Each structure stands twice: as structure tokens, then as C-alpha cells.
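Reader: I would like to learn how to read a structure feature by feature, taking the general idea before the particular case. Could we go through one together?

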Number of protein chains: 2
Amino acid sequence: MGLVVQKYGGSSVADAEGIKRVAKRIVDAKKNGHQVVVVVSAMGDTTDELIDLAEQVSPIPAGREFDMLLTAGERISMALLAMAIKNLGHEAQSFTGSQAGVITDSVHNKARIIDVTPGRIRTSVDEGNIAIVAGFQGVSQDKKDITTLGRGGSDTTAVALAAALDADVCEIYTDVDGVFTADPRVVKKARKIDWISFEDMLELASSGSKVLLHRCVEYARRYDIPIHVRSSFSGLKGTWVSNEPIQQGDQKVEQAIISGVAHDTSEAKITVVGVPDKPGEAAVIFRAIADAEINIDMVVQNVSAASTGLTDISFTLPKTEGRKAIDALERAKTAIGFESLRYDDQIGKISLVGAGMKTNPGVTAGFFEALSDAGVNIELISTSEIRISVVTRADDVNEAVRAVHTAFGLDSDSDEAVVYGGTGR
Amino acid sequence: MGLVVQKYGGSSVADAEGIKRVAKRIVDAKKNGHQVVVVVSAMGDTTDELIDLAEQVSPIPAGREFDMLLTAGERISMALLAMAIKNLGHEAQSFTGSQAGVITDSVHNKARIIDVTPGRIRTSVDEGNIAIVAGFQGVSQDKKDITTLGRGGSDTTAVALAAALDADVCEIYTDVDGVFTADPRVVKKARKIDWISFEDMLELASSGSKVLLHRCVEYARRYDIPIHVRSSFSGLKGTWVSNEPIQQGDQKVEQAIISGVAHDTSEAKITVVGVPDKPGEAAVIFRAIADAEINIDMVVQNVSAASTGLTDISFTLPKTEGRKAIDALERAKTAIGFESLRYDDQIGKISLVGAGMKTNPGVTAGFFEALSDAGVNIELISTSEIRISVVTRADDVNEAVRAVHTAFGLDSDSDEAVVYGGTGR
């Protein structure tokens, strides 16, 4: 058999019992003949507790020291996991991100992996050990300082190691059974997806699905590492994310026309009102936003009112960046020449994702019909080759997700996805 | 000014308040014009909590992984301390033992420092930073694995760094005001010692004084690094430990004839009864003990009873090693040929330490007289050039310490040490 990289999140190793349960699962993989490399996050609330301590000693924790602090969390979980595995009679060695060769840039708190040199990990598994690696952390190439990878960093560590070690699969263990056609907390009839392409998973991740982060999927796609997202609490098969459909039993799992419905209520909408409708205006606005290092999501420019020569430009962005964006625009008011700004954080985004959309006319129409039938008003629309997103009132989001999920035959009672005909999308 | 190494123990950084208090003290040293390198232990009970976690996942934690686990403790305290210093407007950088160049052998859980290559620390302080270094930990020379230095390891880290950086002084901050003439919990009138030689401090440390461990003092003596033991909770001067008496105001502090009285109730006594009184017998006994890796303390061989040709040999050792020693001797019973073993863990040791003893006859006599007057029975006696130790019943120890402390004029009410005349020791 080949080499498997498994990643366990904080909820899977929240306490000693969790660590022992995970150890047993890892040993099972080893007994099945695999070489096993494990990436582990900090136990349960450890990271939050460390952040709390940092805030007690300093209101603005410094990047380098904050990373040094946070990386203590994985150090604890990985050492305990190695001990628990040894206690089951198998050899295990734990490695920090630095020891595992996870080389990053120097941007503390959200470093990017620039190279992985897993010589020690390779040696360790070749000697018959299970190698346990701290997720979320690395060492900077220039200064040899400890860095952390930011949100979702452990998943990225796992995929990056899988790529560097040429692993057969990267298994991401979490507290849900896999990727669903919609958030099961909102849509009771949401179904687990057996297989989804990298592209569709990327769109779902960008659209609010929290199971895998965009960054991790992007890395896996670049190096063509199949990801298997599954629960550490059950023995069920989860969701495969890969380039090629997986084989289950005798038949290939085909991707459904529609992969799923994602929603996101973490964004706000800013409308720049009364912008002169002339070339270069949008560029000035979005340069101001970019200079403030704010990532925006959807952008819509209204049709100009011929009578005034003025137009409105709306865009969405994370709520957490709202204040900063407003400040940046106010500072650039003279340069832009707008009349006023409107800020709205009571919005929600619903996205329908599926590679099949490209070749199935009528998906867009079906989407809008479903929203209309549910009485949901649409404020912004944005589309890509494999996704349609709309912005609605935040209060309408759950109802909208359920309506679309049902309309596209994704509810678990129905066995087949509906095929849409009709007048183009 | 020069370079100062300061070490803060776990009780000094037990919580966020403690860390902020220590940060202020460090910044004061920096403001006084010193380059400052700080060695810090894990916060308060962190290490115990980590050990507890380890025991929950594995009854016999493995050395390598146990060290990986424990070193998370200093990582937390050092990062927080660096943040707290930055919050006071000064630059600080934290370093792991490995980053600080603390190179050790590969004996996990009680590694010995074999080299210190503090290039990064030197660069950091030369750039104007306060360097914060994790105590208690290093990296093994051959395997590049994380190691811990065992009990008292942070003090040793501090002294070793002070030596490698050619520091002017190594300040050991603790929760007591310095080294006392006796344990203040036992002797209310114990006095703080202003200065004590390395040799006397070594004897006190071997005899039960817990303020500094033997290993740390030995390292300081070898590299001639003056140690200043003081409280992190007060601004008082503490105790200087060095080769040469320190200067206080206009006059040199002279070492007293007697440095102090130490006691120790952590030992047990084993008596090997009925050993043939012939050459080589003791060697067989202590080879058996040494092969079991047990350190013994005092050894006494009784005068042989001429009628039987048999003798008894008694020795003391840490209570924690008692079971192992008895097992080792039982296994060697045929080789040794003794009649029986007696084990006694209700003993205590009282030691009088002072370089002045060498040239002051009558110290030994005065010591025994004080014990006699207090009605304390002596079971074993052992002497060195600068120490007399006796073993008594454990119940008698506190009374014996007080009697000796008073007899030698060490009580804080009396201003001068008594000079002893009389018939040699």
C-alpha cells in the first residue's frame, strides 16, 4: 500500500479520550499496510485560551511572538498523540512544522507555505514510524522564525505534506461526515456528496461552505492530491474531492449537475452612491480598497441614469473589514467624487454550484424561479461558469437555501437530480 | 554596562499579572543600560498539567515525546513575556532552547548541556532587543530532537547562557529573598546570606538546600559566573554566589565562618547486615547499586566484631530509589553473602556548612554538643573539608536544625558569628 496523510482537527482531539480514539484510528491505517503521516491541530479550545492569555498581557500582540505562543498548542496535541500511539504498541514520532520542513514566508499569523522539505518525515516513516506533524505552523525561510499559517492552516499543512511526500490520499478528519449539498443545520434534507471536483469545491468554499477552506483545496488541485473529507467520530466514508471521479464498487461516481447550495452571512454590502459615470472611476474606488488590503467579493455597477450622468457601484466584503473600507473610501472621496456611502451588514449570499450548470440551460432561470416562489427578493447577482450567487436580506437566507435545495432535487428523499430544460440560463 | 542574564521561575510568571510584573522588572534592567537576556520557566502549574495529560493518554510516557510535550510550557511563557515587554515599548524576541543554541546529549527528560552556541541571542541583543529564552530545554546534538534538562533545568540554562555570552552576572529570580542560613520555615531566625562561595553553596545544595540546585552551581563555578539569587516579588538585594567576596558599599562582604545549616528528609537508610569483613566486599555491594543507576549519599562501615568476622555497611540514598536498591541487593545476595537488609525511611540529615570550618578547631565538637544538648541522637556521621553531616531520626530534624543554628550564632538577633576554640575537630 502507499502513503496516507491524515489530518485531525481540534474537535477530534479535544481531550485525552479523543486523542486515544484518534490514536486507534491511526493505528488501524498502519495495520492496513499504509505508511501514515498525521497532521494534528491544537486540542479543542487551546488556541482560544492562548489568545485570551495574550490579550491579558498585551492589547496588540506582536506577530512573531503571537506565532511562538500559538504553536505551543499543536506541540501539546502532537506529543500526546504520539504517546497514545506508542501505548498501543506502535512506534510514533512527533515533529514541529519546522522539523517537518514546512518552509513559509515571513508574514506572521498568516504565512504562506513556499516549500516543503520533508526529509525527516520520510526517514521516520521509512523506519516504520507513524510520523505526527504539527499543523498550522512552519518556519520562515529567511529569518528561521516560527510562523503560523492562519485560518485553516492545518488542512493546508496536510495537503502540502501529502504533495511533498507524493501521498496517495490526504484524509481530512473532522466532526462532520463530509461535504453536504447544503449546510445540514439549515437544510435538514441536505445530502452528503460522495465525490466533488476540485473546481466545484473551490466555488463552494468561496461561497460560504466551511468544511474545507479555499486555500487548502487550491493547493490540492495544483498538486493533484485527492482529499477524502470524513468524520473522526464514525467509520463512514466521507466526501472525495479530486480531479477524476472515484470508483465505488463497480461504477464510477458521476458528479451531479448541481453540487450544492452554499450560503454566507458574514459579508456586508457597501454602495458608493452618485459616482460620475466615466472611464476610470471604478479603478479609483477599488484601488483605494486594495491599498487598504481588503478583499472584496461581488461587484455590481448599476446602469447609469442618463439624466444625471451618475451611477452607483455596490460591492460586498467581509463584515470585519467594513469599518476599514468606509474609512478608505472617505479618505479618497475627493479623488472619486461620489455623493455618499451606504453600508449594509444585514445581507446574506446564496450560491448554487455545479460544473453541470455549464451545459444545462435553464439552471439560472430555475434558481430565480425558486427564489421568487419563496418570496425572496434579490439585491445583487453574480455568476461564474460553475456558480450563480445572489445577495438577499440576511433574514431570507435560510428560507432561500431550502427553496433552492428542494427546487434542484438535492433533498435526500429524491434520488435523482432534476434535469432542466427551457430557455437558456 | 554589560550583559545580564536573568532567570524567572514558574512562580514568578504564574499568571498574566506575574508576567506583567516581571516584564517591568526586565525593562528596568534594560533602562539601566544593560543588555538583557532572560531565561523563563513554564507558568506556575503548566508543567504539572501537561504531565497529568500525558498520564491520561499513556501510563509510561516515552522520553522523546514527553520532552516535546513539556517544552510547550516555556514556549507559552516566553512568548507572553516578550509580548508584555513590547507592550511597555521595548523590543523583545523569544527563542526556544534550540534557537538559542542550547545543545544537549540525547538523554531525554534529563539531558545534559554539552555546548551553547548563542549566535542568534547575541545578534538579537546587539540589535537592541531583549532576548527571552525558554529554560529547561535544548536540542540533541546527534538527532536534532527536542530535549529537556530535568529538575532545575532552567537555572542551568541561565548559567550556561551567561557563560556562553560572557555575562557579568546571572540573576536567578525566585519566590524567596535569597539563600538563608537555614530553611526559614524551620528556623524563624534564619538570616539571609549576603555572599557565599561556590564551594559552600555546592555543599548546601547537596545537603538539602533547595534554592539552587547543585548542577547549576557547579556550572557557574566552572565558568566563574557570579550568581545573584533574589526575589522577583521585592526589590531587595539577595544572595551573591561567586568566587570572590562582593563589594557592598565600601567594604568587602566577608564570608562567615559558618555559611549555614541545611537539612534533608528525602533520604532513606539501607543497612546491609552481616557482611564478611574482607577486602572487596564493599566494592561488590556498591557495584550492584551503581549498576542499578542509583546515586548514594553517605556511607558508613561499622567496626567489625572480631568474634564473628562480620560487619554492617550502611548507606543513605533518595527514598524514591529505595525499592530499586533493595531489589538490586537481593539479586546480588549470593555474590555479597550478607545476612539481611534493613530499610529505614524515617531518617533526617542535618549538615553544617562553612569554609571557615577548615581553620576553626572545635566546630565539630560544638556541633555535637548542640545536638546532645537538644537530646538528638546521632546515627551516622560524615564529614568533608567544609561540611559535617549527621543522620538522626526524622522527627528530630527540625529541633536539631534550630539547636545548631542557635549554637553557631546564626540567629538573626545576634550580630556576629561565634568563634570556636578548643580541642580540634
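This is a predicted model: local features need pLDDT of at least 70, side-chain atom pairs count only at pLDDT 80 or more; totals for chains, interfaces and linings use all residues.

Reader: What is to be noted about the phi of Glu293(B)?

Author: The general idea is that most residues other than glycine have a negative phi. Against that background, the phi of Glu293(B) is near 55°, a positive value in a residue that is not glycine. A second case is Asp224(B), again not a glycine, with a positive phi of about 55°. Asp224(B) sits in the loop between α8 (214-223) and β11 (227-231) of chain B, and with a relative accessible area of 44% this residue is partly exposed.

Reader: How should I read a pair of packed helices, and at what angle do the axes of α3(A) and α4(A) cross?

Author: Two packed helices are described by the angle between their axes and the distance between the axes. For helix α3 (residues 63-70) and helix α4 (residues 72-87) of chain A, the axes cross at roughly 20° and come within 4 Å. Angles under 35 degrees count as roughly parallel, and α3(A) and α4(A) are therefore roughly parallel to each other. The residues that meet are Met68(A), Leu69(A) and Leu70(A) from α3(A), and Ala72(A), Gly73(A) and Glu74(A) from α4(A). Sorted by class, this contact of α3(A) with α4(A) has four nonpolar residues, one polar and one charged.

Reader: Which residues make the contact between α6(A) and α8(A)?

Author: Let me give the geometry before the residues. The axes of helix α6 (residues 153-164) and helix α8 (residues 214-223) of chain A come within 8 Å and cross at roughly 10°, so that α6(A) and α8(A) are roughly parallel to each other. From α6(A) the contact draws on Asp155(A), Thr156(A), Val159(A), Ala160(A) and Ala163(A), and from α8(A) on Arg215(A), Cys216(A), Tyr219(A), Ala220(A) and Tyr223(A). Divided by class, the residues of the contact of α6(A) with α8(A) are seven nonpolar, one polar and two charged.

Reader: How many residues does the largest nonpolar core have?

Author: In soluble globular proteins, nonpolar side chains tend to be buried together. Here the largest nonpolar core has 75 residues, and those with the most contacts inside it are Leu81(A), Leu80(B) and Leu81(B). If residues up to four places away in sequence are not counted, Leu81(B) touches Ile19(B), Val22(B), Ala23(B), Ile26(B), Val38(B), Val40(B) and Ile132(B).

Reader: How far apart in space are Val13(A) and Leu81(A)?

Author: From C-alpha to C-alpha they are 8.6 Å apart, although 68 residues apart in sequence. Val13(A) lies in the loop between β1 (3-8) and α1 (16-31) of chain A, and at 1% relative accessibility this residue counts as buried. Beyond four places in sequence, the residues that Val13(A) touches include Ile19(A), Val22(A), Val40(A) and Met43(A). For a case with other numbers, Lys24(B) and Val404(B) are 380 residues apart in sequence and 41 Å apart in space, C-alpha to C-alpha. Lys24(B) lies in helix α1 (residues 16-31) of chain B and is exposed, with a relative accessible area of 52%.

Terms used. Residues are numbered from 1 along each chain as its sequence is written. Chains are lettered from A and ligands numbered from 1 in the order in which they are written. Side-chain values use heavy atoms; hydrogens and water are left out. Axes are lines fitted to C-alpha atoms, for helices over the stretch in contact, and angles run from 0 to 180 degrees between N-to-C directions. Helices (H or I, at least four residues) and strands (E, at least two) are DSSP runs, numbered from the N terminus. Angles under 35 degrees count as roughly parallel, over 145 as roughly antiparallel, 65 to 115 as roughly perpendicular and the rest as oblique. Contact means heavy atoms within 4.5 Å. Ala, Val, Leu, Ile, Met, Phe, Trp, Tyr, Cys and Pro count as nonpolar, Asp, Glu, Lys and Arg as charged, and the others, Gly among them, as polar. A nonpolar core is a set of buried Ala, Val, Leu, Ile, Met, Phe, Trp, Tyr and Cys residues joined through side-chain atoms within 4.5 Å. Buried means under 20% relative accessible area, exposed over 50%, partly exposed in between (1.4 Å probe, protein chains only).
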